Amino acid sequence: MNYRVRKIISNIMLFLCTLSFIIGSFFLFWILGDLLRKGISSINLNLFIELPKPPGVPGGGIANAIVGTFVLAIIASSIGIPIGILSGIYIVEYGNNKISFWTRFISEVLSGIPTIIIGVFVYILVVIPMKRFSALAGGIALSIIMIPTITKVTEESLKMIPNSVREASYALGVPKWRTIIKIVLPSASSGLVTGIMTALARIMGETAPLLFTSLNNSFWNIRLDQPIASLTVQIFNYAMSPYKEWKSIAWAGAFILVLIILILNVLAKYYARKRGYYE
Amino acid sequence: MKRDLGEKIFKGLTFISSILILISVAFIFYELIIGSLPSIKAFGWKFLIESIWDPIAERFSALPSIYGTIITSIIALIIGFPISIGIAIFISEICPYYLRQPLSFIIELLGAIPSIIYGMWGLFTLAPIIQLKIGPFLNKYLGFLPFFQGYPLGVGYLTAGIVLAIMIIPTISSISREIIMLVPKEQREGALALGMTKWEMISKVVLGNAKGGIIAGGMLGLGRALGETMAVTMVIGNAPNISISLFSPGYTISSTIANEFTEAVGKLHLSSLIELALILFFITFFTIAFTRYFIIKRIEKR
């Protein structure tokens, strides 16, 4: 092959690589554009203040579902964040052994287990003994999904803290656990906050594990032992329904959901860049 | 003494949290096996090879769901894998350095979009296009292949596969990109100095070096495609069929569970659904465990 042919082949292949990037981002903008077009036109104030109404009745909102999504996220965070951070600390600070290797390995595997299986698991574990669907069950399912992500970011951000920082603290006579709480964790905080926001964005968009744990609810609910509405399940039910009004509410709900998730993601990115990882 | 106590408590807490993760995965496995015992007893191995799904007669088998899961994942890989590698190469080798961060953020956002949104987009935007444009086009020009025979309904294996392909792009491309970046700069420069063109350098040196990692990325993408639930449930058409035509509606393991779990009345029905979950757990667990193990080994070796 002479040089010109090789050069042409090279350019064609490089063009194909560029093209595949264009295809990938094209789909992102297509999906977002679709949401914007169909979502904005169906958004109104009623969505944020009213409860769902039966089909045919004008108006109706998803206020309870929006609040429900946040309630579920709070339950999941209050279980998932402590466990995730503590196990991340164990892996980096205490674990130089088999258990730390296996925790790391299994939590990475857990992060890839289909979320619907987590839903089935929590159904067997919580819903059957309690004999009812509940917000608590939904929160537990989401926390199991959250833990591996938090463990991973804790591990990564703690590893970036240089050992000299820890040694300086030991030299002052500070015990190891106080060093971790007072010195290591605050230094790693920007990484942790970024990770927590990303994890929150992920669980707020989950539907499958909620289908048969927190189910759905057409009314206000703040009791943890009762079913609770969530944006995602509500969107799913409305989108699959045959009614036109419900479908347009589903688009509006989808728009709100993606807005929340994108804001969390951009904030996470901004926070990570502003503070910078410890270097 | 007091200082010791604090240390012990804190270390204990971190230890318990770690153990909790290990226990919960073991417990998922255990509960799924216990839950599926009635169905295993009733159907045995026939569960895996028959194709009946009849809740009224209480006869269940997994083949239609397994078939749908595998077919949609294969379509997703065929479409998504090359595009993902292209994206990884573009971001790490072609685009200017200062654009790397923003451009990879765009692809990351693709991964941040919830699957229910993909489902809505697939159902309301992509499915009509498949039904009216792409489907008839494929049928007309490739209709001699058994895959493209029959009338496109819009929902079905092909639509689900395309939606999955978009969903696995961020997973595969981000891992491939990380592995590609690990290839030492000296090797690239050496290849260029020998007179290779840029593509020859990329395909022989970079991809040759990163081959294992890229395959691992593909496996993780496959893991995601196998277990994806909501998007697939909305566009697969939900019919317990086995059909060679990609236009026809089907079922996947996850969509069967999502659709029928809350409505399962009979004990055998519920147990069969849990056995489906067990099968899915097996498939994804070993796909991911194998891949992760490989990635850990490879990165630690360096």
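**Exercise 1. Helices H5 and H6 of chain A**

Find which residues of H5(A) and H6(A) meet in this predicted model. Then classify the contact and the orientation of H5(A) and H6(A).

*Solution.* 
- Step 1. List the residues on each side. H5(A) brings A:Thr115, A:Ile118, A:Gly119, A:Val122, A:Val126 and A:Val127. Facing them in H6(A) are A:Leu136, A:Ala137, A:Ile140, A:Ala141, A:Ile144 and A:Ile145.
- Step 2. Sort them by class. The contact has 10 nonpolar and 2 polar residues, and no charged ones.
- Step 3. Take the axes. H5(A) covers residues 115-130 and H6(A) residues 135-159. Their axes come within 9 Å and cross at roughly 135°.
- Step 4. Name the orientation. Angles over 145 degrees would count as roughly antiparallel, and 65 to 115 as roughly perpendicular. H5(A) and H6(A) are therefore oblique to each other.
- Step 5. H5(A) and H6(A) cross in a right-handed manner.

**Exercise 2. Helices H3 and H4 of chain A**

Work out how H3(A) and H4(A) cross, and what classes of residue make their contact.

*Solution.* 
- Step 1. Locate the helices. H3(A) spans residues 63-94, and H4(A) spans residues 98-110.
- Step 2. Read the geometry. The crossing is at roughly 135°, and the axes come within 9 Å. That makes H3(A) oblique to H4(A).
- Step 3. Assign the hand. H3(A) and H4(A) form a left-handed crossing.
- Step 4. Find the residues. H3(A) supplies A:Ser87, A:Tyr90 and A:Ile91, which meet A:Ser100, A:Thr103 and A:Arg104 of H4(A).
- Step 5. Sort them. The contact divides into 2 nonpolar, 3 polar and 1 charged.

**Exercise 3. A helix pair across the two chains**

Describe the packing of H1(A) and H4(B).

*Solution.* 
- Step 1. H1(A) is residues 3-42 of chain A, and H4(B) is residues 100-112 of chain B.
- Step 2. Get angle and distance. The helices pack at about 50°, with axes 10 Å apart. That makes H1(A) oblique to H4(B).
- Step 3. Assign the hand. H1(A) passes H4(B) in a left-handed crossing.
- Step 4. Name the residues. From H1(A) come A:Gly24, A:Ser25, A:Phe27 and A:Leu28. From H4(B) come B:Ile106, B:Ile107, B:Leu109 and B:Leu110.
- Step 5. Classify. There are 6 nonpolar and 2 polar residues, with no charged residues.

**Exercise 4. The whole interface**

How many residues does each chain give to the contact, and which helix gives the largest share of the chain B side?

*Solution.* 
- Step 1. Count by chain. Chain B gives 68 residues and chain A gives 68 residues.
- Step 2. Find the main element on chain B. Helix H1 (residues 2-43) of chain B has the largest share, 18 residues.

**Exercise 5. The bend in H5 of chain B**

Compare the span of H5(B) with that of a straight helix, and locate its kink.

*Solution.* 
- Step 1. Take the straight case. With 28 residues (115-142) at 1.5 Å a residue, a straight helix would span 40 Å.
- Step 2. Take the model. The end C-alpha atoms of H5(B) are only 31 Å apart.
- Step 3. Locate the kink. H5(B) bends by about 50°, centred on B:Ile130.

**Exercise 6. Elements and dimensions of the chains**

*Solution.* 

From the N terminus, chain B runs α-α-β-β-α-α-α-α-α-α-α-α-α.

Definitions and conventions: Residues numbered from 1 in each chain as written. Chains lettered and ligands numbered in written order. Predicted model: local features only at pLDDT ≥ 70, side-chain atom pairs only at ≥ 80, totals over all residues. Helix = DSSP H or I, 4+ residues; strand = E, 2+ residues; numbered from the N terminus. Expected span 1.5 Å × (residues − 1). Bend = angle between axes of the 7 residues up to and from the residue. Axes fitted to C-alpha atoms, helices over the stretch in contact; angles between N-to-C directions. Parallel < 35°, antiparallel > 145°, perpendicular 65-115°, else oblique. Left-handed = near helix turned anticlockwise from the far one by under 90°. Contact = placed C-beta atoms within 7 Å. Nonpolar A, V, L, I, M, F, W, Y, C, P; charged D, E, K, R; others polar.
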